[in-house]
Amino acid sequence: MASILKIIAQRLALGVLTLFVVSVVIFTAVNLLPGDFAQAILGQGATEEAVNAIRKDLGLDQHPVSRYLSWLGGAVQGDLGNSFAQANFASFVGSDAGSGMASVAAQIGPRFENTMFLAGVTALIAVPISITLGVLAALYRNSIFDRATNILTLSSISSPEFFLAYILILFLAVLNPMLPSLSNIYDGMSFGERFEKTLLPALTLTLVVTAHMMRMTRAAIINLLASPYIEMARLKGLSPMRVIVKHALPNALAPIINVIALNLAYLITGVVVVEVVFVYPGIGQLFVDSVKIRDIPVVQACCLIFAAAYILLNLTADILSILSNPRLRHPK
Amino acid sequence: MMTILNLLLLAVGMAAVGWVFRFLGQKITGNKPYFRDMSFGVAFGFVFGAVVLVWLVWSYVLSHSSDPTVANKYFFLGKAVEGLVIFAIAAWIFRILGRSVGTNATRKLFRSMPLTASFGVLTILIYAFVAIFAGILAPYGQEEILGAANIVPGGNPAMGGNPDYPLGTDQIGRDILSRLIYGAQNTVGIAFATTVLAFFIGGTLGFLAATLGGWLDQIVSRAVDVLMAIPSLIFALLLMTIAAAWAGSEKGLLTFYMVLIIAVIDSTRVFRLARAVGLNIVVMDYIEAAKLRGEGLGYLIFREILPNATAPLLAEFGLRFCFVFLTIASLSFLGVGIQPPLADWGTMVRDLAQFINFAAFAPQVASAPLLAAGAIALLTVAVNFVVDWMLHKSSGLKE
């Protein structure tokens, strides 16, 4: 048991280290921008004094290393700085810095919750469907059903997210008006309404991730079918369904859990495009908007959150696959 | 609510029919083993498949109905069925041709080919042809602004079309067909160049790391680990922001930066594979022999390692191309990828997307953005089919 804790602690430390290096990379990348926000917002004709005043208010005049440290220190405490674009410059130029500024955390908070809701709904739909389909495809392998699902899943993996999104909009929102094609979510919405608005983006993401998870489930189970204990179970006269569900599936769990976690990590990237298509007020949409207007604190914060979620899910996959495999749990 | 209820009713109905189907089969054939041992799942599967087939045929019939509201509603399904059948027949004919024409080696290849793979090969060939001869095939130039904007696709003057522009014109009056054709050149060409660059960077570094080992291997591997810890689309978007600021108003330069950025991001994945494959090859006896002969590093990498690593790298090239292609399409769709006036499918989808809302009463109008998105999807699906077949073949026929 102690050895497991040690392994997990090692992985966690490695994860924190990766996150730290990633934050350095993000910060350095953003600082490669020519000019700065003060110049961008005031335009070509700005006087030197005005640019300097804004620079001072925003802390852009300090050395990059000290700026990085203060940014990181704030980020650890949940303070991600202030959004440039939301700042009301007219009201505070020359006065105390920070008045009339919207904090990044306040902007990201509700959107983060929305994105998590979307990812959660997707996971709830996608995981059971993909495992069921994977088991069925392994059970009826090489049949017409297996080949048809193979073709369908391969097609849905390889289509771009926006293609799937527009196909779903076309059939489920425009031609057969069952679901809303715009996910305008606001505060004070009832859960049912919110769920209905989230359903179409969630279905799109489901199509994207189900395929991969289902194929891996099928492959993991089929890999095991040549094992002697499966042969034994068959010779005992168990039904094919029972052989797969009772004997093969528990042993295939490690790769399946791994691939589920990796796909949830993939959701993070997929979410950007899908949120833009459905105008879903999540973190992905905020990110793309901030990229377009070069709102650096928001871009930095979103990047960091995406990377953190990605690292966390990969870490979870790692740890779960260790926990579910006795051979890894007790290394020689 | 009604739809869910109807679907449940349908499922129960199909289950009942499946049971009856199996029962009748057992009775009529006098308990032949095929029906006797049929599990209920298989019987249900047959009924389900039959229902889907009937539904597809029925919607194809409805798409030619004389009532325009019904015909419009089933327009897309009808076209999808048509496209599926045409492509299946074309792939089938192509496979027959491949089996009877050509050298012995290619004939053998075509004999073992499933229909999906021959569909993939045919589609890739068509795309390559269109991309190479885009200048000759396209009726108009990609940046040419023609007479009228927003001409409806279909070429029927009664419905707002124009036979000169079979797929209509876009919001500022450029011919959509020409832009689709040029899109093959731009989108596919840029994606291809990016993939080649990614393979050049990642492959070289990977083989170098595998052969030399030591500190070079450590440094590059750790750098790759960090780059891979950031989701690729997010990282690409971040770097594109910076590139956009650097490029300023020079659109061509921005596209060039995009190629570099995506190539570097994707080369990390290639590096991983090339290093892993290289490490397995480096320990072989023939490498040892070459080293003892006193061969240089270049000879080792290009004459000894590379030829033995072709098969996995080739499959990876197909998959990597799909990823790069989709990333570029997504970036363009988000508005930070390939820049206008170059015709590009991702940008076209974004520009024309709002027309989808007209699908219920003017399906031709709604088909323009779907054509561009479909062009992207068709190519990636085709490449994936071919790669899937290659992997299946090289993995040996497992159960």
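Of the contacts in chain B with a separation of 6 or more, 65% are between residues 24 or more positions apart; two residues are in contact if their C-beta atoms, placed from the backbone, lie within 7 Å.

I then noted the make-up of chain B. The chain has 17 helices and zero strands (DSSP runs numbered from the N terminus, H or I of at least four residues for helices, E of at least two for strands). Its C-alpha atoms fill a box of roughly 75 × 70 × 50 Å along the principal axes. Of the 399 residues in chain B, 39% are buried, that is, with 20 or more other C-beta atoms within 10 Å of their own, C-beta atoms being placed from the backbone.

Next I checked the contact between the chains. Chain A gives 44 residues to it and chain B gives 47. On the side of chain B that touches chain A, α11 (232–247), α15 (310–334) and α17 (363–394) each supply at least two residues. I found that α17(B) gives the most, with twelve residues. By class, this side of chain B has 32 nonpolar, eleven polar and four charged residues (nonpolar: Ala, Val, Leu, Ile, Met, Phe, Trp, Tyr, Cys and Pro; charged: Asp, Glu, Lys and Arg; polar: the others, Gly among them).

Last, I looked at the domains of chain A. An automatic or database assignment sets the bounds: domain 1 is 1–92 + 293–332 and domain 2 is 113–281. Eleven residues of domain 1 are in contact with nine of domain 2 in chain A. The domain 1 side divides into six nonpolar, five polar and no charged residues.

On conventions, residues are numbered from 1 along each chain as its sequence is written, and chains are lettered from A in the order in which they are written. In this predicted model local features need pLDDT of at least 70 and side-chain atom pairs count only at pLDDT 80 or more, while totals for chains, interfaces and linings use all residues.

Terms used: A residue is buried if 20 or more other C-beta atoms lie within 10 Å of its own, exposed if 12 or fewer, and partly exposed in between; C-beta atoms are placed from the backbone.
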